Amino acid sequence: MENRDDILKRIHIALDEVRPFLKSDGGDITLVDLENDGTVKVQLHGACIGCSVNQMTLKSGVEMTIKKHAPEITSVVEVSMA
């Protein structure tokens, strides 16, 4: 993946942009990994874990915001660290 450090920096900016919305509902998000195919792996925390709309939040909020800052990202997936 071209310029990985720059892409990671832009992903962190995107996560910082959505974090206040997640925190207002008692949740949070952490970047786990950036795969070579452009997949971003994230972990949801707090109230986001069992939330019935977390997949909608992930796709409509988090993925959209990450792709706005880093258009080369192909998808965002949630991983469980259990």
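Q: Which residue is the bridge partner of D33 in β2?
A: K41 is. Keep in mind that this is a predicted model.

Q: And what about G27, which residue of β2 is its bridge partner?
A: G27 has G46 as its bridge partner.

Q: How do β1 and β2 pair, parallel or antiparallel?
A: Antiparallel, over 7 bridges. Strand β1 covers residues 27-34 and strand β2 covers residues 39-46.

Q: How many residues sit between the strands of that hairpin?
A: There are 4 residues between β1 and β2. G38 takes a positive phi in this hairpin, near 90°.

Q: What order do the strands take in the sheet?
A: The order is β1-β2-β3, in an open sheet of 3 strands. The pairing is mixed.

Q: Which strands stand at the edges?
A: β1 and β3 do. Each has a single partner strand, so one side of each is left without a neighbour in the sheet.

Q: By how much are neighbouring strands turned against each other?
A: By 35° on average, ignoring direction.

Q: What holds strands of a sheet together in general, by way of pairing?
A: Strands pair through backbone hydrogen bonds, either parallel or antiparallel.

Q: Back to K41. Which residue does K41 form a salt bridge with?
A: With E35. Their closest N and O atoms are 3.4 Å apart.

Q: Is that pair buried or partly exposed?
A: Partly exposed on both counts. E35 has 25% relative accessibility, and K41 has a relative accessible area of 26%.

Q: How many salt bridges does the structure hold?
A: It holds 9.

Q: Which residue does E72 meet in a salt bridge?
A: The side chain of E72 meets that of R10, at 2.6 Å from N to O. E72 lies in the loop between α2 and β3 (75-78), while R10 is in helix α1, so the pair ties together parts that are 62 residues apart in sequence.

Q: Is R10 buried or exposed?
A: R10 counts as buried, at 19% relative accessibility. The cut-off for buried is under 20%. E72 is partly exposed, with a relative accessible area of 34%.

Q: Now D28. Which residue does D28 form a salt bridge with?
A: R19. The closest N and O atoms of D28 and R19 are 2.8 Å apart.

Q: Are those two buried or exposed?
A: D28 is buried, and R19 is buried too.

Q: Which residues are linked with D28 in a network of salt bridges?
A: D16, R19 and K23 are linked with D28 in that network.

Q: Switching topic: what volume does the largest pocket have?
A: About 210 Å³.

Q: How many residues line the largest pocket, and which lie nearest its centre?
A: The lining has 12 residues. F21, L22, D25, C48 and T57 lie nearest the centre.

Q: Which helices each supply at least two residues of that lining?
A: α1 (4-24) and α2 (54-69) do. α2 gives the most, with 4 residues.

Q: How do the lining residues divide into nonpolar, polar and charged?
A: The lining of the largest pocket has 8 nonpolar, 3 polar and 1 charged.

Methods:
Residues are numbered from 1 along each chain as its sequence is written. This is a predicted model: local features need pLDDT of at least 70, side-chain atom pairs count only at pLDDT 80 or more; totals for chains, interfaces and linings use all residues. Side-chain values use heavy atoms; hydrogens and water are left out. On a 1 Å grid over the protein atoms alone, a cavity is a set of points where a 1.4 Å probe fits but cannot get out, and a pocket is an open set with protein on both sides within 12 Å along at least five of seven lines; lining residues have an atom within 4 Å of a point. Grid points are joined across faces, edges and corners, and a volume is the space filled by probe spheres set on the points. Ala, Val, Leu, Ile, Met, Phe, Trp, Tyr, Cys and Pro count as nonpolar, Asp, Glu, Lys and Arg as charged, and the others, Gly among them, as polar. Two strands pair if DSSP finds at least two bridges between them. A salt bridge is a side-chain nitrogen of Lys or Arg within 4 Å of a carboxyl oxygen of Asp or Glu. Buried means under 20% relative accessible area, exposed over 50%, partly exposed in between (1.4 Å probe, protein chains only). Axes are lines fitted to C-alpha atoms, for helices over the stretch in contact, and angles run from 0 to 180 degrees between N-to-C directions.
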